[in-house]
Amino acid sequence: MYRYGRTKRTRKRKQTREGGIFVSTELISLCKWMKVESNKHGFRWKCHLCPAHFSDTGRGMMTKSRLFPGDLLISIPRPLLITVETVLSSEIGEQVKCKNVKFTRQQLLSLFLLQEKNKGNNSFWHPYIFVLPKTLETFGNFSPREMTLFPPRLQIAVKSRMADMKQAYMEVRNFWSGEEIEYSQFLWAWFCVNSRSVFYRSAGSEFVREDGNHLALAPYLDLLNHSVGAQVEAGYNQESGCYEIYTGGTYRKHSQVFISYGNHDNYHLLVEYGFTLPDNPNDVFQVEYNDVLNAALSLGVDNMEKKKEIIQQQSFHRQLVCSMEGLSWNLLLVTRILAMNWTELEQWKLVLTGFAMSDRNNTLSRQIARTFLTKYIKQNQDLITKFDTPLSPNTVESMVFSIVQTERNILQLTWTSVT
Ligand SMILES: C[S@@+](CC[C@H](N)C(=O)[O-])C[C@H]1O[C@@H](n2cnc3c(N)ncnc32)[C@H](O)[C@@H]1O
């Protein structure tokens, strides 16, 4: 399984060291292949990076020289990108056209990976496919035991993604004419695409089911790991005919270079990419609107219909979260509106100034917050007791434990802010 250090995988390591970091022979082969194939297609291979293993993140990309903002990190020529056009012009694409079916881009790329993997050494893409993780830490592989440790919202997210993927698998299985595709094989391909693809806009086609998810696989470039603060400019450059990434940061020679996959919290990173970040600044605790309403009702708050009307009309019921800074702005507004008496309600807009309407309103709104927080703190405590500590590092269980601990910290800090 892929973990931070990809520790469980046995790989042949080259006996030399680069920048103090071992590099495997298959990665060196990929690097040579990229260079040769780029030249063959009339492109000069431009890359300041080389693959390396790092103790904290596992395999990633290291810079061969000092880098400054605006420097080109890597440039992948169009013929070495796996796009929807690549797929539709391959054998699998011919079958798609012949059977006149429509697939999403993710399904098409997954099918392509499966087809090319089955060809082994005979695939043009073999040097790339060979370095793809053999197994992945994905929601498709989470065990029933692991699932019981997930906070409720994470469980819902995982189940919903699993349902999407199973549906995609069924469609692909019905289409595939060769030996039956096993679910585990599809899972592998699907998650390679899910966790490694770049945004690449491609024209529509009668064989592509539009879902707005424009994807391509960019071999070699997809060895770049994620960091929250990484600044990059990335995209396909029509003029050069390459997918390019420029850095907005500065890097020392031989340090790991990162890109940002987006402002994702650890729920998203775990579900979509199979890893979490320690101290992820995007982590928040999502509060259910219904829990806030129920808290108010349990405290005997009246005029609920009028209050709900204001809240929903203004969309204050969206983005109800707690963070290390306490209640989000919308959550604060909602608790204060729910705590209003009729006179205050008539001039509810005053709440937007950020001041509490009255001492009574301030006290009641905090009481509402404490009521729903009590429920969440209890849920969180119950969850924490389910973990068998000490936990082995770099397992799904340890990643989820760190998520649950972060949530405990957020809830405790928020509790303090409303007492
Ligand atoms: C696009 S790939 C990056 C290269 C990947 N590390 C590899 O060895 O092929 C994305 C995957 O890398 C891993 N990854 C990315 N950023 C990471 C990070 N900061 N810490 C740990 N793993 C990370 C996750 O497994 C993720 O699904």
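User: Which element gives the largest share of the lining of the largest cavity?

Analyst: Rolling a probe the size of a water molecule over the atoms shows where empty space is left. On a 1 Å grid over the protein atoms alone, a cavity is a set of points where a 1.4 Å probe fits but cannot get out, and lining residues have an atom within 4 Å of a point. Here the largest share of the lining, four residues, comes from α15; α9 and α15 each supply at least two residues. Helices (H or I, at least four residues) and strands (E, at least two) are DSSP runs, numbered from the N terminus. This is a predicted model, in which local features need pLDDT of at least 70, side-chain atom pairs count only at pLDDT 80 or more, and totals for chains, interfaces and linings use all residues. Residues are numbered from 1 along each chain as its sequence is written, and side-chain values use heavy atoms, with hydrogens and water left out.

User: How much space lies in the largest cavity, and which residues line it?

Analyst: The largest cavity holds about 60 Å³ of space, a volume being the space filled by probe spheres set on the grid points, which are joined across faces, edges and corners. Its lining consists of Asp-265, Asn-266, Tyr-267, Asp-283, Val-284, Ile-403, Thr-406, Glu-407 and Ile-410. By class, four of these are nonpolar, two polar and three charged (Ala, Val, Leu, Ile, Met, Phe, Trp, Tyr, Cys and Pro count as nonpolar, Asp, Glu, Lys and Arg as charged, and the others, Gly among them, as polar).

User: Are the two faces of β4 buried or exposed?

Analyst: In a regular strand the side chains alternate between the two faces of the sheet. Buried means under 20% relative accessible area, exposed over 50%, and partly exposed in between (1.4 Å probe, protein chains only). In β4, Leu-49, Pro-51 and His-53 on one side and Cys-50, Ala-52 and Phe-54 on the other are all buried. Six of the six residues of β4 (residues 49-54) are buried, so this strand is largely enclosed by the rest of the structure.

User: How many bridges join β4 to β5?

Analyst: Two strands pair if DSSP finds at least two bridges between them. Six bridges join β4 to β5 (residues 58-63), and the two run antiparallel. Gly-60 in β5 is the bridge partner of Ala-52, and three residues separate the two strands of this hairpin.

How values were computed:
1 Å grid on protein atoms, 1.4 Å probe; cavity = no way out; pocket = protein on both sides within 12 Å on 5 of 7 lines; lining within 4 Å.
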